[in-house]
Each structure stands twice: as C-alpha cells, then as structure tokens.
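Please look over the sequence and the structure below before reading on.

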Amino acid sequence: MASEAHGAEEGGLVFHPMDQFIVKPLFGGDEIAWYTITNVTLWMALAVVAIIAMMVVGTSRRAMIPSRSQSIGELAYGFIYKMVEDVAGKDAVKFFPYIMTLFLFIVFANFLGLIPMSFTTTSHFAVTIALALLVFVTVTAVGFIKNGMSFLGLFWVSSAPLALRPILAIIELISYFVRPVSHSIRLAGNVMAGHAVIKVFAGFAALAVVSPVSILAITAMYGLEVLVAFIQAYVFTILTCVYLKDALHPSH
Amino acid sequence: MAKETTAAHGTEAAASAPGMPQLDFSNWGNQIFWLLVTLVVIYFVLSRIALPRIAAVLAERQGTITNDIAKAEELKAKAVEAEEAYNKALADARAEAQRIAAETKAEMQAELDAATAKADAEIAGKLAESEKAIAEIRANAVASVEAVAKDTAAELITALGGEADAKDVDAAVAARMKG
C-alpha cells in the first residue's frame, strides 16, 4: 500500500492512508513516554465517557418502564449476559463484568473511530495484543486454578486413536498459543484495513473525473465499516467466551 | 534532535518510507498504559455502578410482571367464583319465588273456596226462606180468595134476594174453586 501511495504521489495524487493511525502527544512536545497524554488517551477517555453516558447516566432513573437510553443499556447488558451464559456456561457468569468491559470498550472504540478525523484506538496492535493477552493470561490462569493439572487434558484428545494423540497434542498446543495472535490481529487488521481503504478512496476524490465514484465508494465502505465495527467487537467477545468455556470445562 | 524521531517517524513513514504507525514500537508502552487505565476505569464503573443497577432493574421488572400475572389470575378466579355465586343466588331466588307463588295461589284458592261455599250456603238459606215466604203468601192468598169468594157469593145471593145459606155457599165456592 505504501508503495502504491508513493507511486501515485508522483502523479499528483496524495495518499496518506496510514497517517490517521499516528500516535501524537496532545500538548506539544515530541517525545512519547509511557505517561504522555496522546490522542490515544483522548479517544480512550471519550470511549469511557460514552460508556458512562450509556450505562450509568442512561440508566440513572431505574425506571420500571425504561426510557430509550435505558433500553439501550439494558439491551447491551442482556446481549452480553446471554452470550456469556449460553457460550461459556452458567458458572462463567462471574466473569461477566470483565467480558462486558472488553465488549463495551471495543465497540465504543470502533464506533468512535468511525467519526471523521478521529483516532481509532483499536486499529493499533499494541491495544489489541494487550487485550488478547489479557484474555489469554486470564483464561489460562482460570483453567489451571479451576482444574489443576487436568486442564492439560484440553490438549490430550482422548477420543482420538492413541497413536495420533501426541501429534494432536502438538497441534492443539500450537493452536492454543496462536489464539492471542489471531484474536488480536483479526480486530486490528479489520479496523485498520477499512479505515485505510476509505482514506485511499478519499485520495482519489481529488481527481474530478473519478470523484463521484470515489465518494460512492467511501459511502459504501463506511456502511461496511459500521457493520465491521460491531461484528469485530462481537467476534472478539464471543471468542473470549469460547476460550473461557475451554478453561472452565476443558474436556472435549 | 533525537526527541523528534518518534513523532516525525510516523509522518515520514506514511509520506515517504513504507511503514505502519502500528509497528512503531516506541509508543506501545504509552498505548498499553492508557489502555489498562481505561479498562480499569470501565471495569470499576461497570461492576460497581452500572451492572448491579441494571440487574436490579431487570429483576424488579421480572418480579413485577410475575406478580401482576399472579394477581390477574387471582382476580380471574374471583370473577369466576362471583359469577357462580350470582348464578346460584339467581337460581335460589327463582325457586323461592316459584314456591311463594304456588303457596299464595293455594291460599287464595282455599279462601276462594271457603268464600264460595259460604256464599252458596247463604244463597241456599235465603232461597229456602224466600220459598217459605212465597208459599205462605200463596196460602194466605188462596185463603183470602176463598173468603172473598164466599163473601162475594153471599153478598150476590143477598143482593139477588135470596137467602144465603152459609153451607151451600161454602160448598158451591169450593166446587168452583176446584174446577
């Protein structure tokens, strides 16, 4: 993509599809230390504000007959609660606040990222890998705490022929450790690709001949991105539930 | 200026050199730090305030719905009961009314019969009296006629110059009156 942009630039078009992902300090200075307040901080804070608005302010009236904003909060609660219960089992309900936190953060980060000129925190591997590793470490820890060494039975497929079991165990082990990788790359990759493609189309809009097509394409991509923003949050959450189910009930 | 490298790197990377800001590891620590802060804040807000509140509201609503349905069923049972009581009362009242009507009718019939009998007896008594009076009157009349006839006959004989013999006159009048 970068070489493409490079080539096009020479022909008069300017493509900077990846500029939107640059992390910048908000209050001057160039160095980014671990505590520096950056656009990442700003957009994560906005996600927190949006979540508080929906889940706390929206439900503050505790109405028996819910208002619209309260309905949305209740809907989100019911959606994730049912997912945790159905996918991971009844004993996973105590992890519900944790999973709800992940879901709400990803869904709000994705949707806030769709505001033009905004910064999408979930398009960064640093963020998604941290999220995926959190899930991976938690799930593995829960697996060992709940089941002790019998958690390793997850890798020993007892329904397979004995000769195959060591090979399957290696495959299972690899797939287990690949989980956080796919878990994180899927989210960041989808979000980043969509945003970058929109930027590329936006670059083409500078040419008068193709600009109507380009604007149409941006509109279509935006619609798709709205879908992706929700679906990727959903996928991340449901995979977390699946992994949690493996940890709680490691038998195949 | 070593400080500029981080910020400048992104712009230059997109503009000239191939590279993704995502792979600029120098700011990963910053991102992960703020991510953890964000997650902790969201987790506490959710687990302390939002989720218990929504759970309470949902439970309360469920309870209210269950209560309302139970109440409605109770009321329905009561309504059925009331209808049964009403029907029973209606049937009772109807039976009572019929009984009273029959009783009244029988009483009235008895009174009527008694009155009729009394009236019949009175009428019969009056009739007998009247007949007796009529018979008396008739007997009196016959006796009077005989006396008048005898007197008249005796007067007639005397007027015609004869001597009226009481025995003959009586016999003659009796003979005439028989005929």
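Is A:Asp86 buried or exposed? With a relative accessible area of 52%, A:Asp86 is exposed, where exposed stands for over 50%, buried for under 20% and partly exposed for what lies in between (1.4 Å probe, protein chains only).

## Basis of the model

This is a predicted model, in which local features need pLDDT of at least 70 and side-chain atom pairs count only at pLDDT 80 or more, while totals for chains, interfaces and linings use all residues. Residues are numbered from 1 along each chain as its sequence is written, chains are lettered from A, and side-chain values use heavy atoms, leaving out hydrogens and water.

## Salt bridges in chain A

Nine salt bridges are counted over all chains, each being a side-chain nitrogen of Lys or Arg within 4 Å of a carboxyl oxygen of Asp or Glu. One of them joins A:Asp86 to A:Lys82 at 3.0 Å, N to O; A:Lys82 is partly exposed, at 48% relative accessibility. Both residues lie in helix α3 (residues 68–88) of chain A, four residues apart, helices being DSSP runs (H or I, at least four residues) numbered from the N terminus.

A:Arg179 and A:Asp246 form a salt bridge at 2.5 Å, N to O. This pair links distant parts of the chain, 67 residues apart, with A:Arg179 in helix α6 and A:Asp246 in helix α7. A:Arg179 counts as buried at 15% relative accessibility, and A:Asp246 counts as buried at 15% as well.

## Salt bridges in chain B

In chain B, B:Glu146 pairs with B:Lys150, their closest N and O atoms lying 3.4 Å apart, and both residues belong to helix α2 (residues 28–159). Salt bridges with shared partners also join B:Glu96, B:Arg99 and B:Glu103 into one network.

How values were computed: Helix = DSSP H or I, 4+ residues; strand = E, 2+ residues; numbered from the N terminus.
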